[in-house]
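The structure I consulted is shown next.

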Amino acid sequence: TSPKLKVDFDQSSGVAVMHMQSPPVNSLSLDFLTEFCIGVEKLEMDKSCRGLIITSSQPKVFSAGLDIMEMYGKSPERCGEFWKGVQEMWLKLYSSNMVIIAAINGSSPAGGCLMSLTCDYRIMADNPRYSIGLNETQLGIVAPFWFKDTMVNTVGHRATEIALELGLLYSPSEALKVGLVDLLVPEDQVLTTATQTMTKWLAIPDHARQITKSMMRKPTIDRLTSNREADVQNFVSFITKDSIQKSLRMYLEMLKKRRG
Ligand code: CO8
């Protein structure tokens, strides 16, 4: 299978750009998550890499979130493996010492939004056709506590409560207003703006920035690391329920119909 990521590392600036290229919509399958985690780990261990920009090579979509086919009709064991991969991605990104900027050049629902939320800064293409948000309830599923925590840490408790209960997907301008993204730019400037913004972040001494980042995020990270196994069990028993499988099937059918 062809690589799902293309990583360009510029030694002189210390900045890597990771292009997600998993057609059609960069959905987060177990294969994708495994490759993604290895890619981030490699950069993390390379002391000369100080910044990471995450973007998409697919047109119109940053990431469609978790691959729904990984949660539909799969064995409990496989669901557990998948969920560990999702946890691993979140832990790697949210606790990274690198400056991570999301260059969101397309729609970013659910897991795609989560991935963006783990970054230090979010720049989105100002195209009203794109949307971003944690829309889990619209699929009849529930965003786990650490998805919720990451959102609360970004936009606050009340905005998160409304967004999660309704499964809101925000347009770029709404997302900017609520603080879900930090900056909107024309579509063709997302990557160049991310690179310029990175320079500003990298002007701060690494150690001071890293300790500060850790201070802000550690309680949230500790909550998952001390509950990882229970969180896997919880996911597996929830997602394998007949009623939840039925909700997912209906959502998949709706996705297909909308297209036709
Ligand atoms: N997983 C698997 N397949 C997907 C996904 C996905 N997340 N999203 C889209 N696809 C498929 C479509 O079914 C379609 O397949 P096909 O070509 O066979 O018909 C193909 O990808 C292309 O999709 P579209 O035609 O819809 O492409 P568009 O460019 O029109 O739209 C979007 C792109 C906006 C990304 C749109 O596809 C979309 O809205 N997708 C659904 C996104 C979504 O709701 N994701 C939620 C996933 S759940 C999650 O991430 C967190 C779960 C937390 C678990 C908690 C449980 C306890």
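I began with the largest pocket, which holds about 1,500 Å³ of space. I took a pocket to be an open set of points, on a 1 Å grid over the protein atoms alone, where a 1.4 Å probe fits and protein lies on both sides within 12 Å along at least five of seven lines. The volume is the space filled by probe spheres set on the points, with grid points joined across faces, edges and corners. The model is predicted: local features need pLDDT of at least 70, side-chain atom pairs count only at pLDDT 80 or more, and totals for chains, interfaces and linings use all residues. Residues are numbered from 1 along each chain as its sequence is written, and side-chain values use heavy atoms, with hydrogens and water left out.

**Entry 1: lining of the largest pocket**

I counted as lining any residue with an atom within 4 Å of a point. The largest pocket has 45 such residues, and A64, I68, P109, Y251 and L255 lie nearest its centre. At least two lining residues come from each of α9 and α10, and α10 gives the most, with 7 residues. Helices are DSSP runs of H or I with at least four residues, strands are runs of E with at least two, and both are numbered from the N terminus. By class, I recorded 27 nonpolar, 9 polar and 9 charged residues in this lining. Here Ala, Val, Leu, Ile, Met, Phe, Trp, Tyr, Cys and Pro are nonpolar, Asp, Glu, Lys and Arg are charged, and the others, Gly among them, are polar.

**Entry 2: the ligand**

Which pocket does the ligand take up? I found that its space is the largest pocket, on the criterion that more than half of its atoms lie within 2 Å of the grid points. The elements giving two or more residues to the shell around the ligand are α9 (228-239) and α10 (242-259). The largest share of that shell, 5 residues, is from α10.

The shell numbers 28 residues, of which L66, I68, Y251, R258 and R259 come nearest; a residue is near if one of its heavy atoms lies within 4 Å. I noted 19 nonpolar, 4 polar and 5 charged residues in the shell.

I then looked up polar contacts, meaning pairs of N or O atoms within 3.5 Å. A polar side-chain atom of Y251 is 2.6 Å from a ligand oxygen atom. A polar backbone atom of A64 lies 2.9 Å from a ligand nitrogen atom, and for I68 a backbone N or O atom is 2.9 Å from a nitrogen atom of the ligand. The protein covers 82% of the 1,100 Å² of accessible area that the ligand has on its own, by the Shrake-Rupley method with a 1.4 Å probe.

**Entry 3: the second largest pocket**

The second largest pocket has a volume of about 340 Å³. Of its 15 lining residues, Y94, D120, N153, M216 and R217 are closest to the centre. I found α4 (145-155) and α8 (206-225) each supplying at least two lining residues, with the largest share, 5 residues, from α8.

**Entry 4: backbone**

I recorded a cis peptide bond between P23 and P24, with omega about 0 degrees. P24 is in the loop between β2 (15-20) and α1 (30-45).

Definitions and conventions. A polar contact is a pair of N or O atoms within 3.5 Å; within protein, one must be able to donate a hydrogen and the other to accept it, and residues adjacent in sequence count only if both atoms are side-chain atoms.
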